[in-house]
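I opened this entry to look up how the parts of one chain sit against each other. My notes follow the structure.

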Amino acid sequence: MTRPFVHPALFYGSDEEYLAGLVPFVTEAPGPVAVALPTGRLRLLRSALGAAAARITMLDMCEAGRNPGRIIAAVLREFADAHVDRPVRIVGEPIWAERSALEYPACAQHEALINFAFVGREVTIVCPYDTSRLSPVAVADAHETHPELWQNNSRRDSDRYAPEAVIDRYNQRLFDSDDLPDLVVATPSDVMDARYAASEKALRLGLAPQRIPDLEIIVTELVTNGLEHTDGVCCLRLHRHGDHLVCETHDLGHITDPLAGRHPPQPGQFGGRGLLLVHQLADLFRTHTTTAGTRHYALLRLAA
């Protein structure tokens with residue numbers, strides 16, 4: 001029986017292996033095809049495809065997927081949902097060697113979550129992995145996040161497929177410190193004060209003025225989400241980490257839906273889009289959730 005949803009990892013060690021695996025996949029498909037690849041890989045594939053590239057939707061993953069948490073809703077589902085009546089093929093490469101250690105856990109969780117976002121859909125999503133440059137950990141994780149493994153002319157089922165284990169393993173706190181919050185938001189009337197305080201501190205920490213509207217929306221959505229879904233307060237802290245501003249919230253809620261913030265909005269839907277919006281605005285968004293509480297970390301790149 002053919003599985004309606006197919007999600008293989010394509011392992012490659014050279015440009016030749018990359019093109020040998022992807023060119024037939026994207027050119028032999030009778031239905032819609034999209035590719036979302038890092039800049040250099042996108043350029044390589046476009047050159048190899050020549051005129052055939054014109055019928056393929058091509059996206060730069062360095063931009064569209066710089067926050068891995070936005071890829072399912074804004075890249076994969078957006079394309080697949082536009083062609084619900086036809087088989088769809090997508091190539092998505094969210095993990096490349098230049099990804100930072102801060103980004104990687106979100107990338108691994110994203111790869112695991114794809115398996116639950118497309119259950120029953122007639123969609124094939126191939127995820128390339130550069131075995132010559134990626135860490136052994138990333139390659140090993142790919143065996144757990146992909147039910148099928150492709151390499152050269154070999155295709156086999158993964159004997160280590162365990163996406164839930166990857167989601168749990170990278171459900172991590174970003175920072176071990178328990179510094180006091182800048183603000184404790186206890187009621188909806190406190191949200192405006194939180195926006196103002198966050199904006200003032202963000203400017204002092206080096207956030208570009210043009211990113212302040214993004215930050216204000218992120219703060220509003222995170223603290224409102226914390227108030228609406230818990231019985232307690234929401235703590236807010238802004239601090240600098242490397243070349244990022246971190247907007248960190250902490251509440252007493254527990255997120256049980258691993259795809260929270262990655263469901264595309266439905267027609268006529270009002271509310272329930274807070275985390276989805278944060279994913280779209282942040283340069284990186286990570287969450288650590290347990291029965292004892294939830295911490296959200298929205299990172300915005302600081303001005304050079």
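The entries below go from the domains to the contact between them.

Entry 1, domains. I am working with a predicted model. I looked up the domain assignment of the chain, and it gives domain 1 as 8-170 and domain 2 as 183-301. I then took the C-alpha centres of the two domains, which lie 28 Å apart. For the contact I noted 20 residues from domain 1 and 16 residues from domain 2.

Entry 2, buried area. I read off about 1,600 Å² buried between domain 1 and domain 2. Carbon and sulfur atoms give 54% of that area. Which three residues supply more than any other three of the area that domain 1 buries against domain 2? I found Asn67, Leu102 and Leu113, with 32%.

I searched for salt bridges across the interface of domain 1 and domain 2, and the rule finds one. I also looked up the side chains of Arg66 and Asp283, which meet in a salt bridge at 2.7 Å, N to O.

The most comes from α5, with six residues. By residue class, I recorded 12 nonpolar, three polar and five charged residues on the side of domain 1 that touches domain 2.

Key:
Residues numbered from 1 in each chain as written. Predicted model: local features only at pLDDT ≥ 70, side-chain atom pairs only at ≥ 80, totals over all residues. Heavy atoms only, no water. Domains from an automatic or database assignment. Contact = heavy atoms within 4.5 Å. Buried area = accessible area lost by both parts, 1.4 Å probe. Salt bridge = Lys/Arg side-chain N within 4 Å of Asp/Glu carboxyl O. Helix = DSSP H or I, 4+ residues; strand = E, 2+ residues; numbered from the N terminus. Nonpolar A, V, L, I, M, F, W, Y, C, P; charged D, E, K, R; others polar.
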